[in-house]
Amino acid sequence: TAKPVPQAVAVEDLNDETSFTIHASVQKQRHQLSVYKQRDNLLYLVENHGTTIVVAETGSGKTTQIPQLLVEAGWAEGGRTIACTQPRQIAAQTIAARVAEEMRVTLGTKVGYSVRFDEVATRGVTQIKYMTDGVLLREMMSDPLLSSYSVIMVDEAHERSIATDILLGLLKKIIKRRPDLRIVVASATMDIKAFHDFFDTSREKLQNSIHRESVPNRSPAVLSVEGRTHSVLIHYCDKPVQDYVRTAVSTTIAIHKIEGPGDILVFLTGQDDVNAAVQMISEEAEKLPRALVALPLYAGLPASDQELVMRPSLSGRRKVVLATNIAETSVTLPGIVYVIDSGFSKQKFYNPITNVEALVAAPISQASADQRAGRAGRERPGKCFRLYTEDAHAAMRPERLPEIQKGNLLSTILQLKALGIDNVMQFDWLAPPPAELMVRALELLFALGVMDGHAKLTSPLGHQVSELPLDPMSAKMLLTAAQTGCQKEGLTIAAVLTVQTIWASGRERKEMDEARAQFAVAEGDMISYLNVFEGYLHVKNRNQWCYENCVNYHALAKVAKVRSQLSTLLQQLGGPRQQQHDGDVKLVAKAVTAGFFPNAARLEAEGGNTYRSLRGNQELFIHPSSVLFRASPKWVVFQSIIFLERHYMWNVTAINPAWLTELAPHFYQLKG
Ligand code: ADP
Ligand code: MG
């Protein structure tokens, strides 16, 4: 499945001599990275210790160099693979492309990547596989001991994503059975005590079946790599900022006018912020004498745009990259001298009482603020402009909270169950989640019918849900749709729910509303997407059609790809099913309810627009971009919540309340 990557093609296009020069300079750059210089130490430690923890600041070569050094030392011999996990898809993809270029190979051969619904790697050939932590967890379902890997590098461990925490817990089990496996934990922050203590198994008894001689040292080694950083001058605001997007824009323009050369990196919270700022800066830039190019960087950006961001800016031009948290540690941008830090990032918070999980722009930690500032001092002394006061900085929490302690554990618990961890309470957690979150997840899994009264996965539903690379509620929706004869519709909806939005961004509100109205049906967003997808499938020039209908072409292309993969998976799970009810939207809405019933809400009063969640009585509103925004149906289910100044329901479906008691009798009971 090798795919050409734009960067690699560009190098090959040049004549041999230029290509050689470029490569020589890439090699020279490599040898200057501080991680590369620690090569002998690193290889010695990995050889002799089961776990090696590497601490080095962002940009020192952890992600790009360690796997290459391991290959050079022979860890990929005999068809074995070195895995390097990332919390984010976009990081796995960009870094794999970069390393393929450094090794002068085509992406998908010796170097590859694997993220959900997109694998560019070749079995038996790929020596280094960059992958999301979630994908490696899934691989464990078919290969519990991860037998094809010789080394697993858990990168960006300091981010403490849920999947990383779980992965570390499982890896600790695996190395007890596989003395030949090595683990490398890489972190950009010094706060590694938790990892060290967790992996220190030197006091535990060895399993009888394992020969003492074959076992590496069971205390983790720590390699702390000194980096060269330049000083970064920090500026705070005197008083709190009202609108950080606008302030970021005006600060960018001011830097461009006053400060010396060097690119600018701005940390905002999400795709919306980023796109708004790109547009504002681009408009301002037209009035300026010197060129200023604004580029976005967020998860889900098409590959061609990612590549633009990674390219050094042309001389005489200044580049400003508007990024989400992704630029904090996972990708290194060349040429940055100025950082503007909004002080916020989008974080997931789950409230077990109201059952509302929302992505909220919340203050970052001091550790994150330091990381962000550090991006300015990579190549020479830089400046960081914090769009908050010094007092606000002092009030931030010092370290970031592990995601597992504040997130929704539904998928996590299900996966642990599928991996045979029956007693999740007793799992060897790096940091245990609050019991309340676990209980809540167990309760939901039971209500969804994927777990039985003995906390075991049900057959076949529980196993099928865990096999699908979807969140459990989407998976249940899809399986129900397939069972009730509307598989086609279920597949499309499940695929659409894997992308952030299928609508274009940066259009006028009125234009958007009109475009959406053409596809809208009374049953709501999810069913309206079926019309959009049908429209897309049946036109010749899809790109143009998408433009004209305010639909995001890249998003729909991805939907089509994901849909066909899901279709194959579904077939493998239960054999081909008959499509019986073509276009029966009631059945489709009912299947949606079967999956998303935990997210049900009721209109508070006729004629109003306030909803209340059935569980927890949380105040909710329909998102203004929903096709049901004006219709305000009495009963709805939704996919997720977006918190702006209110809790908005996202991807809303109108339902018949009788379905709730029919489909989830343990969860909802009729009153009186
Ligand atoms: P770390 O993982 O320690 O943060 P990386 O291995 O990601 O460091 O990056 C090491 C160096 O490689 C960076 O300092 C940067 O100069 C270079 N680099 C990484 N990715 C790219 C890329 N896509 N394009 C150009 N240079 C890159
Ligand atoms: Mg890295």
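Trainee: Where is Pro460 found?
Mentor: In this predicted model, where local features need pLDDT of at least 70, side-chain atom pairs count only at pLDDT 80 or more, and totals for chains, interfaces and linings use all residues, Pro460 is found in the loop between helix H16 (435-447) and helix H17 (461-467). Helices (H or I, at least four residues) and strands (E, at least two) are DSSP runs, numbered from the N terminus. Residues are numbered from 1 along each chain as its sequence is written, while chains are lettered from A and ligands numbered from 1 in the order in which they are written.

Trainee: What kind of peptide bond joins Ser459 and Pro460?
Mentor: Ser459 and Pro460 are joined by a cis peptide bond, with omega about 5 degrees. Most peptide bonds are trans, and most residues other than glycine have a negative phi.

Trainee: What is the value of phi at Asn617?
Mentor: Phi of Asn617 is near 55 degrees, which is positive in a residue other than glycine. Asn617 sits in the loop between strand E18 (611-613) and strand E19 (619-622).

Trainee: Why are H18 and H19 called roughly antiparallel?
Mentor: The axes of H18 and helix H19 (residues 487-496) cross at roughly 165 degrees and come within 7 Å. Axes are lines fitted to C-alpha atoms, for helices over the stretch in contact, with angles from 0 to 180 degrees between N-to-C directions. Angles under 35 degrees count as roughly parallel, over 145 as roughly antiparallel, 65 to 115 as roughly perpendicular and the rest as oblique. H18 and H19 are therefore roughly antiparallel to each other.

Trainee: How do you know which residues of H18 and H19 meet?
Mentor: Two residues are in contact if their C-beta atoms, placed from the backbone, lie within 7 Å. Ser474, Met477, Leu478, Ala481 and Ala482 of H18 meet Gln487, Glu489, Gly490, Leu491, Ile493 and Ala494 of H19. This contact has seven nonpolar, three polar and one charged residues. Ala, Val, Leu, Ile, Met, Phe, Trp, Tyr, Cys and Pro count as nonpolar, Asp, Glu, Lys and Arg as charged, and the others, Gly among them, as polar.

Trainee: Which hand does the crossing of H18 and H24 have?
Mentor: H18 passes H24 in a right-handed crossing. A crossing is left-handed if the near helix is turned anticlockwise from the far one by less than a right angle, and right-handed if clockwise. By contrast, H18 passes H19 in a left-handed crossing.

Trainee: How are the axes of H18 and H24 placed?
Mentor: The axes of helix H18 (residues 472-483) and helix H24 (residues 585-596) come within 7 Å and cross at roughly 145 degrees. Met473, Ser474, Lys476, Met477, Thr480 and Ala481 of H18 make the contact with Val588, Ala591, Val592, Ala594, Gly595 and Phe596 of H24. The classes are eight nonpolar, three polar and one charged residues.
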